[in-house]
Amino acid sequence: MAPVMAEAASVAAESLGGGRARAARTVLDQVVLPGEELLLPEQEDADVPGGAGEKLLRLNAGARSRVRVVCGPGLRRCGDRLLVTKCGRLRYKEPGSGSGGGVYWVDSQQKRYVPVKGDHVIGIVTAKSGDIFKIDIGGSEPASLSYLAFEGATKRNRPNVQVGDLIYGQFVVANKDMEPEMVCIDSCGRANGMGVIGQDGLLFKVTLGLIRKLLAPDCEIIQEVGKLYPLEIVFGMNGRIWVKAKTIQQTLILANVLEACEHMTSDQRKQIFARLAES
């Protein structure tokens, strides 16, 4: 973390000294700070003074600009501007269909979760109020979960959910003006892996950045972990992981390895997995 902090300090000094917005293409994979304004060369708005032809990112430019830019975590629309709201590294993903724009986000080591509609999370049942369960999701407020939001649930056939149970579900309502609402069924009414998680196993918390890394389709960490021991594992976008192996010792080893992967290089990780495979 020391190199990142040093880089952030240099960026802060540069920003305070120059006070100018930076071009997004020149700071990809570099540290950005809250309050910075991003510039993109593809937009058709007026040139920024001294910007060497680069133009301010306009998100409501109307018919003149057909470039669709998607703002991910760490970025916020502020009128016709795009502002950085988190300290971290700026990332970019090319558009898949050639529509232009792509996706920009800030990759940070954040642990506080903000609910997002469609996210799959692991929650803890904290209370039951009438027909509604209150679920701790690690955010600023608990989420609500109806007893009818389970596969096959009816007024007579209620799910067996107790206070303290772990719930794997997804958000159908998540915005700043309403209480988050979870369900444990998909659009077809099927559980599709959601519902109450088994009593055994271990629940632990990691950063949101590590969760996104582990859920990537080509994640080598999950492939290597799967070769160590037979296991069951559930990932929540709120930074929670539930894992279960054949023995308690194996479960603890897997949890420690997953937590340590955030700060290990690829070579270090491979050495550890090789030692565990031999033992």
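The following dialogue goes through a predicted model and the terms used to describe it.

Student: How do you know which parts to trust, and what are the conventions?
Tutor: This is a predicted model, in which local features need pLDDT of at least 70 and side-chain atom pairs count only at pLDDT 80 or more, while totals for chains, interfaces and linings use all residues. Residues are numbered from 1 along each chain as its sequence is written, and side-chain values use heavy atoms, with hydrogens and water left out. The pLDDT is the predictor's confidence in each residue, from 0 to 100. The chain averages 80, and 78% of the residues score at least 70.

Student: Where does pLDDT stay under 50?
Tutor: Over residues 43–56, for which the model has 38 contacts beyond four places in sequence, and over residues 61–65, for which it has five. A contact means heavy atoms within 4.5 Å.

Student: What makes Tyr92 and Tyr104 a tilted pair?
Tutor: Rings of Phe, Tyr and Trp (its six-membered ring) pair if their centres lie within 6.5 Å; planes under 30 degrees apart are stacked, over 60 edge-to-face, and the rest tilted. The centres of Tyr92 and Tyr104 are 4.5 Å apart and their planes stand at 40 degrees, so the pair is tilted. Tyr92 belongs to strand S8 (residues 88–93) and Tyr104 to strand S9 (residues 102–107). Helices (H or I, at least four residues) and strands (E, at least two) are DSSP runs, numbered from the N terminus.

Student: Why is the pair of Tyr113 and Phe171 called stacked?
Tutor: Their ring centres are 6.3 Å apart and their planes stand at 20 degrees, so the pair is stacked. Tyr113 is in the loop between S9 and strand S10 (120–129), Phe171 in strand S13 (residues 166–175), 58 residues apart. Both Tyr113 and Phe171 are buried.

Student: What makes S8 and S9 paired strands?
Tutor: Two strands pair if DSSP finds at least two bridges between them. S8 and S9 have five bridges, in the antiparallel sense, and Tyr92 stands opposite Tyr104. S9 also pairs with strand S5 (residues 69–71), in the parallel sense over three bridges; Val69 has Gly102 as its bridge partner.

Student: Which residues of S9 are on the covered face, and which on the uncovered one?
Tutor: Gly102, Tyr104 and Val106 are on the covered face; Val103, Trp105 and Asp107 are on the uncovered one. In a regular strand, side chains alternate between the two faces of the sheet.

Student: Why are S16 and S17 at the edges of their sheet?
Tutor: The open sheet has the order S16-S18-S17, with antiparallel pairing. Strand S16 (202–205) and strand S17 (231–235) each have a single partner strand, so one side of each is left without a neighbour in the sheet. Four bridges join S16 to strand S18 (residues 240–245), and Phe204 has Ile241 as its bridge partner in S18.

Student: How do you know that Arg158 lies over the face of Tyr147?
Tutor: A charge sits over a ring if NZ of Lys or CZ of Arg is within 6 Å of the ring centre and within 35 degrees of the ring normal. Arg158 is at 4.0 Å from the ring centre of Tyr147 and lies over its face.

Technical notes
Buried means under 20% relative accessible area, exposed over 50%, partly exposed in between (1.4 Å probe, protein chains only).
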